[in-house]
Amino acid sequence: MKFTLSWLKMYLDTDASLEAIVEKLTLIGLEVESVEDRAKALAPFTVAYVVSAEQHPNADRLRVCMVDTGQGAPVQVVCGAPNARTGMKSVFAAPGTYIPGKDITLGVGTIRGVESRGMLVSEAELKLSDDHAVIIELPDDAPVGKPFAELRGLNDAVIDVAVTPNRADALGVHGIARDLAATMIGTFKDKPIKRIEAKFPCPVKVTLDFGSTPLLCPAFALRLIRGVKNGPSPEWAQKKLRAIGLRPINALVDVTNLLTFDRSRPLHVFDAAKVTGNLTVRRAKPGESLLALDGKIYGLDPDICVIADERGVESLAGIMGGEESGVSESTTDVLVESALWDPLNIAQTGRRLGINSDARYRFERGVDPMMTVPGLELATSLILQMCGGEASEIFLAGEIPDTDRLIDFPLSEVQRLTGLKATPAEIRRVLESLGFLIAGSGDVVKVSPPSWRADIEGKADLVEEIVRILGLERVAQTEFPRDENARKPVLTPIQKRTRAAKRALAASGLVEAVTWSFISKPVAELFGGGSTALALANPIAAELSDMRPSLIPGLALAAQKNADRGYPDTAMFEVGQVFTGDRPEDQLTAATTVRRGAARAAGTGRHWQSATGPADAFDAKSDALAVLAAAGAPVEKLQIVPGGPAFLHPGRSATIQLGPKLIFGWFGELHPATLEALDVEGPLAVSEVFLERVPEPKARATRTKPKLDLSPFQPVTRDFAFIVDRGVLADAIVRAAESVDKALISSVEVFDLYEGKGIEAGKKSIAIAVTLQPREKTLTDEEIDAVAKKIVAEVTKRTGATLRG
Amino acid sequence: MTDLKKLEAETLAAVTAAKDEPALEAVRVGALGKKGSISELLKTLGTMSPEERKTRGADINALKDKVNDAINGKRGELKHAAMGAQLAADKVDVTLPVRLPAAERGRIHPVSQVIDEITAIFADMGFSVAEGPDIETDFYNFTALNFPAGHPAREMHDTFFFNPKPDGERLLLRTHTSPVQIRTMQTQRPPIKVIIPGRTYRCDSDQTHTPMFHQVEGLVIDKVSHLGHLKWILAEFCKAFFEVDDVKMRFRPSFFPFTEPSMEVDIQCDRSGGEVRFGEGTDWLEILGCGMVHPNVLKNVGLDPDEYQGFAWGMGIDRIAMLKYGMPDLRAFFEADVRWLRHYGFRPLDLPTLAGGLSS
């Protein structure tokens with residue numbers, strides 16, 4: 001909402017400076033977005049008289065001018081504009097002046113051997129227009145030495161405030177002045193609106209015809225002014241409109257725009273000659289359309305409210321008029337409309353048709369119903385003043401809704417909600433200066449909000465008005481007491497796991513990324529998602545259209561992007577939401593890793609100590625297990641089952657589970673077909689674990705750890721190498737060995753895997769180290785041998801292994 | 001007597017002359033072995049008279065001890081010399097690089113780190129952390145929060161919608177973390193003190209807007225908390241979060257459907273030198289919105305607004321991260337560029353604590 005300082009001062013009598021007014025506006029909730037003070041920027045530019053303009057001795061296109069600036073002797077200025085001539089008046093800038101259009105500070109220069117002590121400027125150089133060909137020409141009577149900005153009427157600051165959607169009343173300068181006056185920065189100048197003497201009855205009648213459907217127009221006031229002479233509006237009106245960025249059209253249209261910004265009272269004017277018969281306000285009929293004032297044709301339907309004459313639709317109610325019935329310079333009889341519209345319908349229609357007009361903006365926020373008729377009177381008086389003519393009576397269809405309501409307001413409410421101790425007198429003064437009526441004098445008063453404040457519903461709104469105007473800075477900081485409860489952890493189990501997973505993965509050398517929650521539909525489908533329920537109806541881009549079922553694709557694509565930038569070895573993770581459906585419980589927290597190139601668990605890149613291939617399923621396995629351990633999963637009990645979802649390499653992937661029903665996640669290398677579909681280079685080693693699947697730890701009554709049970713006897717380790725079929729799982733061998741004596745065998749570790757020379761094709765050698773931990777006595781060689789024999793027998797029995805000789 | 005002296009001189013000379021352990025061993029065997037010179041002398045003791053044996057025996061034993069000590073000494077010397085020679089050959093190039101420890105390679109994203117920082121500050125004030133789903137209903141995201149149907153405030157939210165279901169219900173991506181206020185008040189009785197961090201979405205994308213971003217919301221509901229408390233909490237938070245002694249704040253009246261009175265908060269800062277410095281300067285920078293919970297919101301969750309009251313505030317996590325740590329562009333947060341992540345990310349062991357400082 002833009003307005004000029006002088007416009008504001010029409011309704012606010014104040015000596016306050018522009019700066020003080022601007023600060024106050026922001027502090028009462030009318031946030032100033034910008035202040036354009038052109039008088040300040042253009043202050044050094046003054047009116048000058050060109051005493052003489054002679055041909056430059058060394059350049060055909062230049063002239064040497066002697067310029068009377070009103071200060072001392074004329075100065076010599078070299079000028080290249082074709083219109084520079086003796087006897088003209090123009091605008092002069094002295095050396096040292098900043099030229100906004102050129103972004104330079106002028107100095108004394110020598111141009112083709114002739115000294116130039118200043119400049120005659122074009123409109124472009126002052127950023128007033130794009131005209132840079134000629135220097136500004138001023139009327140002969142322009143006083144030499146006078147600031148140019150003042151002469152042009154630019155010495156009026158333009159203030160732009162952001163008005164929040166609840167403050168429809170502040171979409172007019174009059175309302176802003178009232179708000180400011182309540183802070184006592186000045187006095188509100190609110191003159192009563194005069195009734196115009198009607199000369200004849202309004203010949204055009206209006207019917208509100210909504211049948212049995214909801215009424216979209218509670219009231220519609222119309223008046224005919226006949227015998228007007230339309231044309232350009234007076235300079236003061238044009239100046240006002242231009243200052244706030246509006247283009248003056250003609251007097252009749254300009255009046256409606258003035259009222260829109262002055263009183264937040266949009267109006268519409270019809271050329272009476274182009275209206276046939278009476279007007280009906282109704283829903284549009286299917287198939288109707290309108291050529292609107294913006295030159296576009298809009299298709300209409302019964303959800304859109306229109307004003308129609310006997311031939312058809314003439315105007316889009318409250319949004320934009322029709323081209324056909326619009327006023328022009330030749331208009332002699334004008335119908336002026338001031339109506340009330342259903343805000344919701346205006347908002348919906350405007351949105352559907354894509355029309356953003358100043359009228360729509362105000363009607364959808366709610367205009368003051370009580371201004372419907374007075375607004376028409378104000379417009380009439382301006383039209384009569386600018387265009388002459390005589391006014392009819394006002395025809396009012398429908399009725400002005402009653403906005404009266406009473407709020408029981410305990411004055412203590414201010415302190416209850418804000419802590420601010422305002423006196424009853426202060427509270428009264430603020431409310432009354434904002435137009436509220438107060439009845440009663442006790443601790444609880446009755447307050448009636450003014451008709452222009454539809455946003456005021458109850459006590460809390462009144463409290464806001466009071467603190468807003470008295471100043472939020474008066475609300476003192478009050479220490480917030482920590483309650484007496486014992487300090488307890490504030491994170492939920494899933495929050496703790498999320499945190500732990502992030503730290504564990506970062507501590508494993510991976511870099512945390514945050515990628516979009518939505519991915520493209522084909523990619524979502526590739527990872528088991530892409531259902532209709534999880535597709536956005538209005539995505540901003542095709543590649544951000546579906547809620548992600550997995551974090552792998554986002555990370556895989558990011559890894560490729562990094563590779564394209566020259567960083568092929570990346571280990572990244574994300575811990576974030578994935579979606580298996582659209583219910584809250586379908587949202588899971590995945591902890592996902594992607595390793596690319598030589599970003600292995602042991603270290604990144606080539607290294608002199610070890611030959612490194614690309615990251616593989618085992619790097620991914622180590623990441624998955626790190627997350628699960630950090631999240632509190634029973635790591636030693638987990639089952640690693642070969643194979644996983646279809647997007648993984650079938651031979652180089654596994655599912656991590658605790659029985660077939662409790663699947664924690666998976667790891668492995670991406671399937672080559674997945675890589676191809678994602679258009680990324682592989683191999684990529686990935687893991688994904690769902691943190692919600694980790695069982696919650698049992699609540700414990702004490703933090704004491706279980707007693708440490710140490711055996712006084714030496715543990716003994718024996719190594720065994722088995723030859724088995726290639727398909728036999730190492731895990732099967734380990735479990736077979738463990739099963740021999742669970743009490744005695746404390747660990748079984750695989751320490752070697754060998755295939756190749758010396759081993760039959762299709763077979764492999766797996767070596768395990770079995771540690772025996774006696775608890776009652778030191779083991780004898782015989783006892784150790786006996787256990788070893790049982791181990792060999794059990795492994796052989798379960799896996800078909802032979803002991804390697 | 002002279003024979004012993006001679007033998008001693010010869011033997012000790014041989015010990016000194018021994019070049020290595022085998023040579024020394026030969027000397028030892030020659031002197032002290034079964035048939036060694038000194039051993040042979042000892043054997044002669046049996047044939048002597050007791051007096052002779054007494055003096056002669058003592059002399060021979062002394063000689064034996066002397067030779068023994070010399071050999072042991074020499075053996076130590078030889079061993080030391082041999083080890084020295086061996087170690088001199090066993091040299092590594094200590095300038096060869098080692099692998100960077102994993103904890104030095106990994107990084108925590110600034111969003112995670114800042115959430116941890118915020119949590120540390122508010123946990124200290126007695127707040128717990130609440131969360132809710134990203135996919136929300138119109139009720140939780142708007143209606144329960146007092147957004148009237150069709151109100152322009154809804155339009156300001158640029159909502160991502162899902163396709164309508166057969167029953168007409170249209171789910172959406174939450175446009176703010178405020179729906180969790182409703183979910184919290186529905187499941188928890190006052191007093192309530194929570195913060196709500198999370199991902200939020202708006203279909204908007206430019207230099208300063210991304211379709212996905214992070215917010216943190218605060219909510220207090222009890223029977224006494226007012227605007228003065230809210231101001232105190234926010235001031236304490238800003239001082240702790242930005243790690244400065246003082247922060248000047250400006251509260252401006254504003255509008256949110258779910259709070260009344262509503263305010264936006266600016267903090268004073270100096271942006272003249274390419275970085276933001278808080279607690280100095282003359283610029284005002286908007287950092288959050290807040291207000292007293294609207295009576296209609298309390299009614300919507302079954303709380304009597306004449307009995308219960310409280311406040312809520314919300315701010316952009318990405319935004320305050322940018323302000324604190326100086327990232328110039330919001331979009332880079334979600335581009336997963338490892339160069340950016342390594343530079344602006346945090347080490348996994350940089351755990352924000354109030355005891356050790358939020359950032360180190």
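The structure is a predicted model, in which local features need pLDDT of at least 70, side-chain atom pairs count only at pLDDT 80 or more, and totals for chains, interfaces and linings use all residues. Residues are numbered from 1 along each chain as its sequence is written, while chains are lettered from A and ligands numbered from 1 in the order in which they are written.

Chain A contains 20 helices and 44 strands. Helices (H or I, at least four residues) and strands (E, at least two) are DSSP runs, numbered from the N terminus. Six domains are assigned to chain A: domain 1 (2-37 + 157-188), domain 2 (40-152), domain 3 (206-398), domain 4 (407-474), domain 5 (493-693) and domain 6 (716-803). Domain bounds come from an automatic or database domain assignment. The centres of domain 3 and domain 6 of chain A, taken over C-alpha atoms, lie 93 Å apart.

The radius of gyration of chain A is 42 Å, whereas a compact globule of 805 residues would have one near 28 Å. This radius is taken over C-alpha atoms, and the globule rule is 2.2 Å times the number of residues to the power 0.38. Along the principal axes, the C-alpha atoms of chain A fill a box of roughly 125 × 80 × 60 Å. Of the 805 residues of chain A, 42% are buried. A residue is buried if 20 or more other C-beta atoms lie within 10 Å of its own, exposed if 12 or fewer, and partly exposed in between, with C-beta atoms placed from the backbone. Contacts in chain A between residues at least 6 apart in sequence were also examined; 69% of them join residues at least 24 apart. Two residues are in contact if their C-beta atoms, placed from the backbone, lie within 7 Å.

Chain B has 13 helices and 10 strands. Its assigned domains are domain 1 (2-89) and domain 2 (108-344). Their centres, taken over C-alpha atoms, are separated by 92 Å. The C-alpha trace of chain B spans about 130 × 55 × 45 Å along its principal axes. Buried residues make up 43% of the 360 residues of chain B.

The contact between the chains takes 74 residues from chain A and 66 residues from chain B. On the side of chain A that touches chain B, helix H14 (residues 493-507) of chain A gives the most, with 7 residues. That side of chain A has 35 nonpolar, 24 polar and 15 charged residues. Here Ala, Val, Leu, Ile, Met, Phe, Trp, Tyr, Cys and Pro count as nonpolar, Asp, Glu, Lys and Arg as charged, and the others, Gly among them, as polar.

Within chain B, the axes of helix H6 (residues 110-124) and helix H12 (residues 317-325) come within 10 Å and cross at roughly 95°. Axes are lines fitted to C-alpha atoms, for helices over the stretch in contact, and angles run from 0 to 180 degrees between N-to-C directions. H6(B) and H12(B) are therefore roughly perpendicular. Angles under 35 degrees count as roughly parallel, over 145 as roughly antiparallel, 65 to 115 as roughly perpendicular and the rest as oblique. From H6(B), B:Pro110, B:Val111, B:Val114 and B:Ile115 meet B:Ile317, B:Asp318, B:Ile320, B:Ala321 and B:Tyr325 of H12(B). The residues of this contact comprise 8 nonpolar, no polar and 1 charged.
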